[in-house]
Amino acid sequence: MDQHTPGPWRVDKHNDKWVGIWGQEKVRIALVDWTDPDILEANARLMAAAPALLAAAKAEREIIDWWLRTSRREQNQIHGQVLDDFIAKVKDARNQADAAIAQAEGRLAWHPKRSRQSELRSRKS
C-alpha cells in the first residue's frame, strides 16, 4: 500500500512517558513511549514531520530528475524565463525542506509540550 494518512501530522504530549501523533480529523497515527522525555519528544517530532519530509524529498527529486534529463549543452544555454522558473522551483523545494526540517526539530510555532486540550481551548477563545 502506497498511501499514508495525509499530513500535516502534529504531536500531542500526554505526559512524560507518552506522546501521541495525530493527523487531520483527529486520526491517531501513533502513540510513542520512551523513558527519556527529551528522546520521546524528539522521536515524536521526527515521526510527525514524515509527510512534510516526504513531500520535500519528492520536490527535490523532481528538480534533480529534470536537471539530469537535460544535456550539458542545454544546461549551459538555460537563461531567461526558463532559468527563472528553475531557480523558483529550487527555492520552493529548499523552503519546503527547511520547513519540514524545522518541524522535525521542533522549531515551529506549535510545540510538542502544548496539549491538544490547550489547543482546543485557544481555538474556542
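A residue is called buried here when its relative accessible area is under 20%, and exposed when that value is over 50%; the legends below describe close-up views of a predicted model.

View 1. Ala97 has its place in helix α4, and because its relative accessibility is 12%, Ala97 counts as buried. Although Ala97 and Ala56 lie 41 residues apart along the chain, their C-alpha atoms are separated by 5.0 Å. When residues up to four places away in sequence are not counted, the residues that Ala97 touches are Ala56 and Glu60.

**View 2. Three strands, β1, β2 and β3, form an open sheet.** The strands follow the order β1-β2-β3, and their pairing is antiparallel. Because β1 and β3 stand at the edges, each with a single partner strand, one side of each is left without a neighbour in the sheet. From one strand to the next, the twist averages 25°. Between β1 and β2 the antiparallel pairing runs over four bridges, and Arg10 stands opposite Trp22, a residue in β2. Helix α1 packs on this sheet and touches β1, β2 and β3, while the direction of α1 makes about 10° with that of β2.

View 3. The buried residues in α1 are Leu40, Glu41, Ala44, Arg45 and Ala48.

**View 4. The largest nonpolar core has nine residues.** In soluble globular proteins, nonpolar side chains tend to be buried together. The core shown in this view consists of Trp9, Val11, Val19, Ile21, Ala30, Val32, Leu40, Ala44 and Ala48. Two or more of these residues are given by each of β2 (18–22), β3 (28–33) and α1 (37–48), and the largest share, three residues, comes from α1. One of the core residues, Ala44, touches Val11, Val19 and Ile21, not counting residues up to four places away in sequence.

Methods. Residues are numbered from 1 along each chain as its sequence is written. This is a predicted model: local features need pLDDT of at least 70, side-chain atom pairs count only at pLDDT 80 or more; totals for chains, interfaces and linings use all residues. Side-chain values use heavy atoms; hydrogens and water are left out. A nonpolar core is a set of buried Ala, Val, Leu, Ile, Met, Phe, Trp, Tyr and Cys residues joined through side-chain atoms within 4.5 Å. Buried means under 20% relative accessible area, exposed over 50%, partly exposed in between (1.4 Å probe, protein chains only). Contact means heavy atoms within 4.5 Å. Two strands pair if DSSP finds at least two bridges between them. Axes are lines fitted to C-alpha atoms, for helices over the stretch in contact, and angles run from 0 to 180 degrees between N-to-C directions.
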